[in-house]
Amino acid sequence: MVNMNKSYPNILVTGTPGVGKSLMCRLLSERTGLTWIDVSKFAIENKCLEEYDDVYQCPILDEDKLLDHMEELMCEGGKIIDYHGADFFPERWFDIVFVLRTDNTILYDRLKDRGYTGKKLEDNIDCEIFQTILEEAKSAYREEIVHELMSNNVNQVTSNVDRICQWIEQWKIDNEQ
């Protein structure tokens, strides 16, 4: 945990690109008032990027610089962190971690619709097949705070948001000062 005096928990929402992290984080933020931080956008805004990766057609994240920029925000509590990686964030930052998963055929269509092709498409599908992000999260955080959630359709997303809101309410009761 980040700090015993915070009023709201910090939540990590992670998973392969295309599993629905941003949709769920946006809905969760709207329902709870917690601050949603899309790490990819945050990294651009705070110049936490290195050179460009031509194979994956994206900039490379400067993880150390990003963590330095995020540290103070995370100590405040009440953050929903949205990113497709999990293992480089400090464990102390998060009270709970949700790994979103999606059936491969659905994910394939979502990524194709985003314009993913070639190695980038194949590697992201393989990442989901081999549960790479879930395994990363399980090895980086205490087992009891890592939860796998299916995210194939809007009904599952809505159900996940409802469950997380219930968890937040219980967290507030358990952490009353």
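Predicted model: local features only at pLDDT ≥ 70, side-chain atom pairs only at ≥ 80, totals over all residues.
Helices (H or I, at least four residues) and strands (E, at least two) are DSSP runs, numbered from the N terminus.

**Entry 1: the outline**

I began by listing the elements, and the chain has 7 helices and 7 strands. Reading from the N terminus, I noted the order β-α-β-α-β-β-α-β-β-α-α-α-β-α. The chain's radius of gyration is 16 Å, close to the 16 Å that the globule rule gives for 177 residues, so the chain is as compact as a globular protein of that length. I also looked up the box that the C-alpha atoms fill, which is roughly 50 × 35 × 30 Å along the principal axes.

**Entry 2: inside and outside**

How much of the chain counts as buried? I found 45% of the 177 residues in that group. The chain exposes about 9,300 Å², and carbon and sulfur atoms supply 47% of that area. Next I checked contacts with a separation of 6 or more, and 74% of them join residues 24 or more positions apart. For charges, I noted 19 positive and 34 negative ones, with mean positions 4 Å apart.

**Entry 3: cysteines**

A disulfide is a covalent bond between the sulfur atoms of two cysteines. How many disulfides does a search of the whole structure find? It finds 0. I wanted to know why, and I recalled that the pair of sulfur atoms must be within 2.5 Å. For Cys75, the closest cysteine sulfur is in Cys48, and a bond is ruled out because the two sulfurs are 16 Å apart. For Cys127, the closest one is in Cys58, and at 13 Å that is also too far for a bond.

**Entry 4: two residues with positive phi**

Most residues other than glycine have a negative phi. With that in mind, I looked up Lys47, where phi is near 55°, a positive value. Where is the place of Lys47? I found Lys47 in the loop between α2 (39-45) and β3 (49-53). Lys47 is exposed, with a relative accessible area of 62%, and I noted that exposed means over 50%.

My other example is Gln131, a residue other than glycine whose phi is positive, near 55°. Gln131 lies in the loop between α5 (118-129) and α6 (132-140). Gln131 is partly exposed, with a relative accessible area of 31%.

**Entry 5: sequence against space**

I stayed with Gln131 and looked up its distance to Gly15. The two residues are 116 residues apart in sequence, and their C-alpha atoms are 9.0 Å apart in space.

Then I turned to Met74, which lies in helix α3 (residues 63-76). Is Met74 buried or exposed? Met74 counts as buried, because its relative accessibility is 0%, and the cut-off for buried is under 20%. Met74 and Asp126 are 52 residues apart along the chain, and I noted 31 Å between their C-alpha atoms.

Note on methods: Residues numbered from 1 in each chain as written. Heavy atoms only, no water. Rg over C-alpha atoms; globule rule 2.2 N^0.38 Å. Buried < 20%, exposed > 50% of the residue type's maximum accessible area, 1.4 Å probe, protein only. Contact = heavy atoms within 4.5 Å. Areas by Shrake-Rupley, 256 points an atom, 1.4 Å probe, with all protein chains shown as cover. Lys, Arg positive; Asp, Glu negative; His and termini not counted. Charge placed at Lys NZ, Arg CZ, Asp CG, Glu CD.
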